Amino acid sequence: SVETGLATSVFTVGENRLAFGVIDGQGQFVYGQTALYVAPTPEEPAKGPFLAPADVLVTEGRYRSKQAATETDPFAAVYAAQVPFDSRGSWSVLAVTRRGNTFVAAPAQVQVSSKKADKIPDVGEPAPKVATDTLETAKGSVENIDTRVPPSDMHAESFADVVGAKPVVLLFATPQLCQSRVCGPVVDVALQLRAKYGDQVEFIHQEVYVDNDPKKGLRPSLTEFKLPTEPWLFAVGADGKITARLEGSFGLDAFEKAVKTAL
């Protein structure tokens with residue numbers, strides 16, 4: 001049997017990025033040309049195909065953490081398609097992947113809400129001017145503000161101090177405490193892209209849980225952004241307005257496109 005592992009969860013009426021993995025009965029990622037079909041119910045005519053190219057999560061060796069994606073992970077790459085939903089409610093999704101000379105199909109269901117119900121800051125809106133943890137606020141104990149092994153060095157500036165003054169990429173992720181296997185890899189991807197764009201854009205990584213303890217709830221910056229899940233990425237232009245937002249799993253290609261929107 002084949003199943004779809006959804007890597008995004010927030011969908012609203014209109015066009016949405018739907019990211020996912022296709023996983024076989026042995027837990028292995030199914031690679032191949034992939035497309036999505038969607039319909040309000042399995043009985044209704046489906047819309048599609050919406051092409052879903054794979055986006056790689058595996059970085060160059062020097063940017064790899066202990067929690068990094070490897071070529072053998074189920075989520076070494078993630079598929080994503082731009083999918084339109086024209087009404088609220090439950091939608092049926094079918095991922096179809098070419099495997100050799102045959103096709104495999106994996107069903108899933110998503111919940112689509114109204115645009116008004118989406119409280120998360122969106123493209124075109126001003127980014128909330130939240131303070132993020134820095135080496136200074138951590139008093140030098142970087143492990144308190146970064147569960148990556150080894151810790152990243154994307155904690156020089158607080159988001160509140162640079163937003164509106166220069167382009168910023170703000171990544172909410174917890175490599176060690178993530179509910180899925182993608183938070184470590186997306187921070188690695190951020191480090192690799194910072195090597196390319198760091199002189200033009202401030203890259204900031206923000207941990208998710210108070211004292212890195214899920215029982216203590218979310219850090220204030222996530223609460224202010226109204227984030228129900230993680231990881232999330234926000235690219236923000238020099239004017240302080242959001243130019244891209246990505247939820248869930250996103251590889252080098254999607255992340256780089258988001259960074260470029262802020263330039």
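How many bridges join strand 4 to strand 8, and do the two run parallel or antiparallel? I will come to that pair in a moment, after a few words on what we are looking at.

This is a predicted model, in which local features need pLDDT of at least 70 and side-chain atom pairs count only at pLDDT 80 or more, while totals for chains, interfaces and linings use all residues. Residues are numbered from 1 along each chain as its sequence is written, and side-chain values use heavy atoms, with hydrogens and water left out.

Let me begin with the whole chain. The protein has 4 helices and 13 strands, where helices (H or I, at least four residues) and strands (E, at least two) are DSSP runs numbered from the N terminus. Its radius of gyration is 18 Å, close to the 18 Å that the globule rule gives for 263 residues, so the protein is as compact as a globular protein of that length; the radius is taken over C-alpha atoms, and the rule is 2.2 Å times the number of residues to the power 0.38. The C-alpha trace spans about 55 × 40 × 35 Å along its principal axes.

Of the 263 residues, 53% are buried, and buried here means under 20% relative accessible area, with a 1.4 Å probe and protein chains only. Among the contacts with a separation of 6 or more, 68% are between residues 24 or more positions apart, a contact being heavy atoms within 4.5 Å.

Now to the strands, and to the opening question. Strand 4 (residues 34-39) and strand 8 (residues 89-99) are joined by 6 bridges and run antiparallel, with A35 standing opposite V96 in strand 8. For this talk, two strands pair if DSSP finds at least two bridges between them. The pair belongs to an open sheet of 5 strands, in the order 2-9-8-4-5, whose pairing is mixed. At its edges are strand 2 (11-12) and strand 5 (47-51), each of which pairs on one side only.

Moving across that sheet, strand 8 is joined to strand 9 by 11 bridges, again antiparallel, and V93 has A108 in strand 9 as its bridge partner. The hairpin of strand 8 and strand 9 has 2 residues between the strands, and in this hairpin G100 takes a positive phi near 65 degrees. Strand 9 (residues 102-113) is also joined to strand 2 by 2 bridges, and here the two strands run parallel, with F11 finding its bridge partner in V112 of strand 9.

Finally, I would like to point out two single residues. V2 lies in strand 1 (residues 2-6) and, leaving out residues up to four places away in sequence, touches V22, I23, D24, V104, A105, A106 and P107. E202 lies in strand 11 (residues 202-206) and is buried, with a relative accessible area of 15%. Beyond its neighbours within four places in sequence, E202 is in contact with residues including E157, K166 and V169.

Definitions and conventions: Buried < 20%, exposed > 50% of the residue type's maximum accessible area, 1.4 Å probe, protein only.
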